[in-house]
Amino acid sequence: MKHNLSLLLILATAFNVAAQNKKTVKPAAVYSVANKKVTVFTTAEKTEYRISKTETLNFVANKQPFETEPCIFIDPTIKYQSLIGIGGALTDASAETFAKLSKKNQQELLQAYYNPNKGIGYTLARTNIASCDFSSGSYTYVQDNDKDLKTFSVAHDQDYKIPLIKQAITAAGGKLPLFVSPWSPPAWMKDNNSLLQGGHLLPAFRQSWANHYVKFIKTYEGMGIPIWGLSVQNEPMAKQKWESCLFTAEEERDFIKNFLGPTLQKSGLGAKKLIAWDHNRDQIFQRASTILNDKDAAKYVWGIGFHWYETWTGSAMQFGNVKQTHEAYPDKALIFTEGCKEKYDVNKLDDWTLGERYGYSMINDFNSGTAAWTDWNILLDEKGGPNHVGNFCFAPVHADTKNDKLIYTNAYYYMGHFSKFIRPGAKRIGSASSRDKLQTTAFLNTDGKLVVVVMNQTDDKLKYSLWIKGEAATTTSLPHSITTLVVE
């Protein structure tokens, strides 16, 4: 009899558990394209198309495409990360170049970047703490050996950088999340006694340096510039001829755990988004695992930042490392913090590969779990600067300061195919291409608009269908083009 009672109890318990589990099962979300149209915007080489509205498509039934039909498959019910924002850096170089433009062109540039209707609607920004290579010269905010930071002043930034940041915030509608990054502590805080050529932060000044971030953030915020986040160190594995400082993974972990994290918390800045790494994709997983496997360091870290310059080693862009980091630490955000085309050449301002590098990176970074994407300088001059060590680079927009002209490279338009249409809060959704010649990513905006980006880096004109839940809308991808398809 006891055995029968035990069996009944076990069966009853199992039934209750099954019933509870059944209650928690949610029905699959439903998405229908009935009565919806697709508006196609195109940028293409050897055409006049620059984020141009080129077509309006209708859906027709197509329950099961054949393998011979190239398709972009979309499933809006499969959701991944939310988009935080897309933008670019407001550096000294950008600000100094901006100041040389006429008021008319200044307003044009601000509208071009920050207005979501007339421009490409940037929603994120970065700036440098003290000098970087894209400054006209080296500078710091404190006098030598002032470990208490009593002489701290951002007077240098008030000439160009702060005015530009404030105008950008206004142009963006009064809100522009800004994160800040140091290139080097003051020389006297380092073992090589130089702002340049790497060097390490001296142990005796770890607390002073942690206090320096707080001073900077509170000073900027006191001047009306909200700070959304900060990175620990720009490119902590790069010994550069410009401002740089080296941190091994363990050194960065311990600085976060013992100094920067607690200092931000004690100063009331614990809610700021603290970004570790801020360097290339090649070592992102090693850096992330070293820092985030330590719970005392990880609790202060909001996300992992990365750049695209791993190609300097001869490697291709290593998106797999980004994806693996996302899968290993899904509770931490991934943010692309910097990228630009190096080795400026005025004769290559029309080079179509400028934009294609952006499109290729953004599609693959988003598909790997990245939640925010930030370009480097928003504006540079006709020489690819100013840059005080001759490290001249490309930007999406250049200014011909001698003739007061703005030059828009196709990189500006390629970025716009994402930033203009995919807005903060959008969820990345399931997307897959049946052809390797068509690369794609897709997002569902908070207003219900579905946005699909398709890029074609080949010389071929490719007919394909946008397929959603048994309905398809057919279009053609032009050679060397990027298109944004908006379903509403």
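Predicted model: local features only at pLDDT ≥ 70, side-chain atom pairs only at ≥ 80, totals over all residues.

1. UniProt, in an unreviewed entry, places the feature "domain: Glycosyl hydrolase family 30 beta sandwich" at residues 425-485. Over that stretch the chain is 66% strand and 0% helix, and its end C-alpha atoms lie 18 Å apart.

2. Gln439. You will find Gln439 in strand β17, which covers residues 438-444. With a relative accessible area of 17%, Gln439 falls under the 20% cut-off, so this residue is buried. Its side chain and that of Gln457 are joined by a polar contact of 2.7 Å. Leaving aside residues up to four places away in sequence, Gln439 also touches Tyr360, Ile363, Asn364, Val453, Val454 and Met455, among them.

3. Helix α11. How many of the ten residues of helix α11 are buried? Ten of the ten are, so this helix (residues 410-419) is largely enclosed by the rest of the structure. The buried residues include Tyr412, Tyr413 and Tyr414, as well as Asn410, His417 and Ser419.

4. Asn391. This residue sits in the loop between β13 (379-381) and β14 (397-400). Is Asn391 buried or exposed? At 16% relative accessibility, Asn391 counts as buried. Not counting residues up to four places away in sequence, Asn391 touches Asp133, Phe134 and Trp242. With Asp133 there is a side chain to side chain polar contact of 2.9 Å. The C-alpha atoms of Asn391 and Lys343 are separated by 7.3 Å, although these residues are 48 residues apart along the chain.

Key
Residues numbered from 1 in each chain as written. Heavy atoms only, no water. Buried < 20%, exposed > 50% of the residue type's maximum accessible area, 1.4 Å probe, protein only. Helix = DSSP H or I, 4+ residues; strand = E, 2+ residues; numbered from the N terminus. UniProt positions renumbered as here; feature names shortened; annotations may be inferred. Contact = heavy atoms within 4.5 Å. Polar contact = N/O pair within 3.5 Å; in protein donor to acceptor, adjacent residues only side chain to side chain.
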